[in-house]
Amino acid sequence: MIENVNGRMQKGGDQITANDEIERSTFDTKLARMIDHTLLKPEATMQEIENLCAEAKYYGFASVCINPAYVKLCADLLRDSSVKVCTVIGFPLGATSSAAKAFETERAIKHGASEVDMVINIGMLKSGEYDYVEHDILAVVDVAHHLKVLVKVIIETGLLNDDEKIKACALAKHAEADFVKTSTGFVKGGATVEDVKLMRKVVGPELGVKASGGVHSKKQALALLASGATRIGSSASVKIVTGEEIVSQFTT
């Protein structure tokens, strides 16, 4: 139960049991700190979100990445931990108005989000409407940076050719986003070594690169990090850091 986990951890390391220490030695803590523990499926329940937060605290993931409706819940559950609350903006299509994205960003941050992952308007990019796309990104960046929150820009690589990927990354960099991100995970394709290398080449060392979409194993995650990613997004985070499928100990 999540209550038991919070009770054991709320007073710090002296409340961790000997068995916990043994279990912790069996997973990759350094890798865990580079993963956004993700649950974005539309049918996700509050109990599943609570379990996600408990897992994130236990394994020490960088953040939980959840839909905006659950930001306040996650912020409350993770208040006394190092785990950040990340949410998605204009998700998953990116086709909402820039004003709607800006409002959604402000509201999510006020509810406790410390990172936002926005989806670009993919159709506008493919139409060559580059000014629109840059201003769409800026609408989110301006709000988030004013409130001291970082922005990851999802370019949806599975729908783009290489020239479009390059342009999308260049626009995100020019708009002063903090990261570029491969995918929502809701369309064909996902994170690939080739795409991460390309994105890293375009944005240089100044921006982070988040590899997300179809990352299900430690081998995949390490290959993406070696190719230039600085963050991994996955719903299989526990499997990645432990190297095996395990049933969550936090389910009821």
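**Cysteines, a helix and a barrel**

Trainee: Does C169 count as buried or exposed?
Mentor: C169 sits at 0% relative accessibility. This is a predicted model, so local features need pLDDT of at least 70 and side-chain atom pairs count only at pLDDT 80 or more, while totals for chains, interfaces and linings use all residues. Residues are numbered from 1 along each chain as its sequence is written, and side-chain values use heavy atoms, leaving out hydrogens and water. The cut-offs are under 20% relative accessible area for buried, over 50% for exposed and partly exposed in between (1.4 Å probe, protein chains only), so C169 is buried.

Trainee: How many disulfides does a search of the whole structure find?
Mentor: A disulfide is a covalent bond between the sulfur atoms of two cysteines. Here the test is a pair of cysteine sulfur atoms within 2.5 Å. For C74, which is buried at 0% relative accessibility, the closest cysteine sulfur is in C53 at 3.5 Å, too far for a bond. Across the whole structure the count is 0.

Trainee: What do the 8 strands close into?
Mentor: Two strands pair if DSSP finds at least two bridges between them. β1 (residues 35-39) and β2 (residues 63-66) do this in the parallel sense over 4 bridges, with H37 bridging to V64 in β2. The order runs β1-β2-β3-β4-β5-β6-β7-β8 with parallel pairing, and the 8 strands close into a barrel.

Trainee: At about what angle does α10 run to β7?
Mentor: Axes are lines fitted to C-alpha atoms, for helices over the stretch in contact (heavy atoms within 4.5 Å). Angles run from 0 to 180 degrees between N-to-C directions. Helix α10 (residues 193-203) lies across β6 (179-181) and β7 (208-212), and its angle to β7 is about 160°.

How values were computed:
Helices (H or I, at least four residues) and strands (E, at least two) are DSSP runs, numbered from the N terminus.
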